[in-house]
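Thanks for coming, everyone. Please look at the model on the screen while I talk.

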Amino acid sequence: MLKDVLKEISRIRVYSTSTIADSLDIDEELVKEAIFQLIRMGYIVEDETSPTCEVKCSGCAYSSICNTKAIKTFSITDKGRLLLNKI
Amino acid sequence: MSIIALVGNPNSGKTTLFNALTGSNQHIGNWPGVTVEKKEGKFKHKEKQYSVIDLPGTYSLGAYSEDELVARNFILSGASDVVINVVDATNIERNLYLTTQLLEMGVKVVVALNMMDEAKQKNIEIDVCALSKSLGIPVVATIASKNKGLEDLIEKAVEYASSGEQPRIDISYGEEIDREIDRVKGFLDSSKSDHPKWLAIKLLEGDEEIYKLVEKKFKLPEDLLASIKEKTPDYELEIVDKRYAFVGNIVSLAVKKPAREVETITDKLDKIVTHKYFGIPIFAIIMFIIFQLTFVIGQDLLGGYVAGFVEFIGENLVKLLELINSPEWLQSFVSEGIFGGIGTVFEFIPLIVVLYFFIGILEDTGYMARAAYVMDGLMRAIGLHGKTFISMIVGFGCNVPGIMATRTLDNKKDRMIALLINPFMSCGARLPIYLVFIAAFFPNNGALVLFLLYAFGIVMALIMGKIFSKVLFKEESSHFIMELPPYRLPIFKYVIRSMWDKVWDFLYRAGSIIFVVVALLWVLSVLPFGVEPYSQESILGRIGTILAPIFAPAGFGTWQATVSLFAGIAAKEAVVAILGMVYAGVSEGTELVLALQDVFTPLTAVSFLVMTLLYTPCAAVLGTVKRETNSVKWTIFMALYTFVLGWIVAVLIYQVGRLLGF
C-alpha cells in the first residue's frame, strides 16, 4: 500500500486523500495513514508554508500577519526517489 | 502488586481510560533521562491493588520519537504483567498497526476497543468476537468517557495476565524477508535474547536503536550485521507494507464500514474550481467579488461612521488644547500631524476589516490551496516553481512573512526568484493608498480598480520571474506535491480571529512606526521658524522640491507626492499619512480626497498607484531580504530594481496615456 501511495503521489502534482483513495481503491483513512508513514520513514517530506524562523512566534513582530493557514506541500526525498527507481 | 501498562495512539481515549480507572489516585513525573511525562496511578479490583502506567501516546513502536522509545523500552523491559492497548474504534486501521507491533514483541496484550459510541454514530460495525479471534487476544468494547466496559476490560486483562496463554501472530513478510528473519533470529536465539523474532524484524527494518542494542549486547557476526545493513533499504518499506496488509485482512473480516462516496462534495467542487481552463478565471471572479463586497460593506455601509468618529475626536481634542492654552505647535501637531496624517490612515480600517474578513473565509474553507494549485499550472508554464505562488499568497498579508515563506523552496534559483518578486504582491499597508486614490478618482469603479491593481502586481511578478529565470538563474526547478484539503464550512471564530490579528497589526504599526515617521516629517515640515508650515519653503518642502523632478515624467512631480513616496520606504502606510499632513489644513479623509483631486488627474493617479505598487518595498521587507539572503548586494538590488521598475512603468503609463489623450 505504501509503495502504491508513493507511486501515485510521484505521478501527480496535486492530491487529495479522496482522489488517491479512489484511484487505489482503498479507504481514505488508509491513504492518510500511508502518507503519515511515508513522512515518518523519510520517503517524502512535508514542507512548511509558514515561515520556519529562528524567532519564536511569541517574540515576532510579524506573528499576527504571518500565514497561519499553511498550504501543505510535500517533496519526495532522495530516499523516496531511490525507491521509486526500483519499483 | 500487578502492573498494567496502557498504550495507544494519541487521541485514542487512553488518558480518559487512565483517569476513569485511577480517579484522583495518580502521580505525575518524568521518565528518567527524557522530558516525556510519566503518569502512574493505582486502583483496586476485587480487593486487589493494581498499578497502571499511562505510556506516551504513540502510533508505532519504532524509534522515530522520544515518546515511541519510552513506550517501547518500558514494554520491552517486561515490567508490566499485561498491556492494555487502547484502540480508537473510529480509526481502526491506523490503531491496529500498533497492535500488530505489540503482538510481534510477544507481550500479553488486551485490546480496549474504545469510542464504540462514536463508531456507531459513523455507521462503523465491528464484530468484536471476530476481531478477537483474528488477533488471538481478548478484545473488549469500551466507552471510556462514559465508564462503559471498564469492569469487563479489567476482568479480561487480569484473567489474561495470569493465564498461561501467549499471543501468537504470524505475519508473512514474503519469502525472502521471512528467510532473512529466520536467519537473524537463529543467531539471536543462540545469544539468548528475550524477543529474538521481534529484534530480527526491527533489525531488518533498519531500526538504528535496535541495531546499536544488538551490536552492544549480542555478539552477532560482523558479516551478518553488514548484510543486514545492506538489505535494510529494500526491506524497510516492504515490512511496514505487509503489516498494513495484515491489518487490512483483519479489518475486512471484522469491520463493516459505510460505502465510500464515489464522488464527494469536495471532488465535485474541485472539478470546477481547479479546472484546467476555468480555474484561473474562477479565482479572478472570486477575488473581484471580494473587492466589490469590500467597497459595498466597508466603504458604503461602515466607512462613514469611522471617518465621522475620527473627525469628531480630532476636532474635540484640538478644541480642548485651545481651551487649556496649549502651545500652538502642539495644536498644529495634533491637528495636522496626528489627525491629518495618521487619522487619515485610520479611516480605511472598515475596508481593511471587510477585505480580511472575506480573505479569512477563503482561507478557512480550504480554497486558498486550490488558488495556489490553479496558479501552479501557470507558474510552471512560464518556468517558475509552483510553490512561488504560495509565498505570493502569504505576501498579500505582508511581504515580510511572504519572503520568509520562500524558505520552502529548495534550490537557490527558485528561492531567489520568489524572494525578488514577492514585494509586487499588494500588502495590507498599500491598501490605504489605493483606497484614498480610488475615493478621489474612481469612486464608481472601486472594486475593479482594486482588483486590477492586485492583478497587475501578480502579472508584474510573473513577468519579472520569467526574466530572472532566463537572465539571472538557470537551474532546473524541483518537483513538489500539494495537498488539497477537504472543503469545510468556515469557522466564524477563526475568521474573526484572523481578521482581527491583521487589523490589530495595522493599528499597532499606525501607532508606532508611522507615528514616528509622521512626527519626524512634521518637524521638518514646520521648520525653519518663520516660514509657512507645510509649504515649499519648509525643510521638507525644500527636500521634496529637489527630488520632485525624478517623478515629473510620471506626472506627479510635486514635492508632496515625492516626500510621501520616500516616507513610504519606511512604512507604506506613511504614504497616505504624509499626504494627509502635507496638504495643510487637511484634517480628515474627505478633504484629503478633495486636495488630491486638485493636484492629480485620473491618469497621474493611476501612474502614482502603479509606482506605489511596484517601487522599493518598506524597510522591514528590505531587512528581511538582507537576513534571508545574507547579502547586502541582493538587498540593494531589490531596493533599486523595484524603484527603477516602478518608475519606468509609471512613466510609461503617464506618457502613453497622455499620447492617447487621457
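Two strands pair if DSSP finds at least two bridges between them. Strands here are DSSP runs of E, at least two residues, and helices are runs of H or I, at least four, all numbered from the N terminus.

A word on the source. This is a predicted model, where local features need pLDDT of at least 70, side-chain atom pairs count only at pLDDT 80 or more, and totals for chains, interfaces and linings use all residues. Residues are numbered from 1 along each chain as its sequence is written, with chains lettered from A and ligands numbered from 1 in the order in which they are written.

Now the pairing. Strand 3 of chain A runs antiparallel to strand 10 of chain B, residues 481-483, over 2 bridges. A:Thr73 has B:Met482 as its bridge partner.

Next, the whole contact. It takes 38 residues from chain A and 44 residues from chain B; contact means C-beta atoms, placed from the backbone, within 7 Å. On the side of chain A, helix 3 gives the largest share, 6 residues.

Finally, chain B by itself. It has 29 helices and 10 strands. An automatic or database assignment sets the domain bounds. Domain 1 covers 2-162, domain 2 covers 175-256 and domain 3 covers 279-659. How far apart are the C-alpha centres of domain 1 and domain 3 of chain B? They lie 56 Å apart. Along the principal axes, the C-alpha atoms of chain B fill a box of roughly 100 × 60 × 50 Å.

Key. Two residues are in contact if their C-beta atoms, placed from the backbone, lie within 7 Å.
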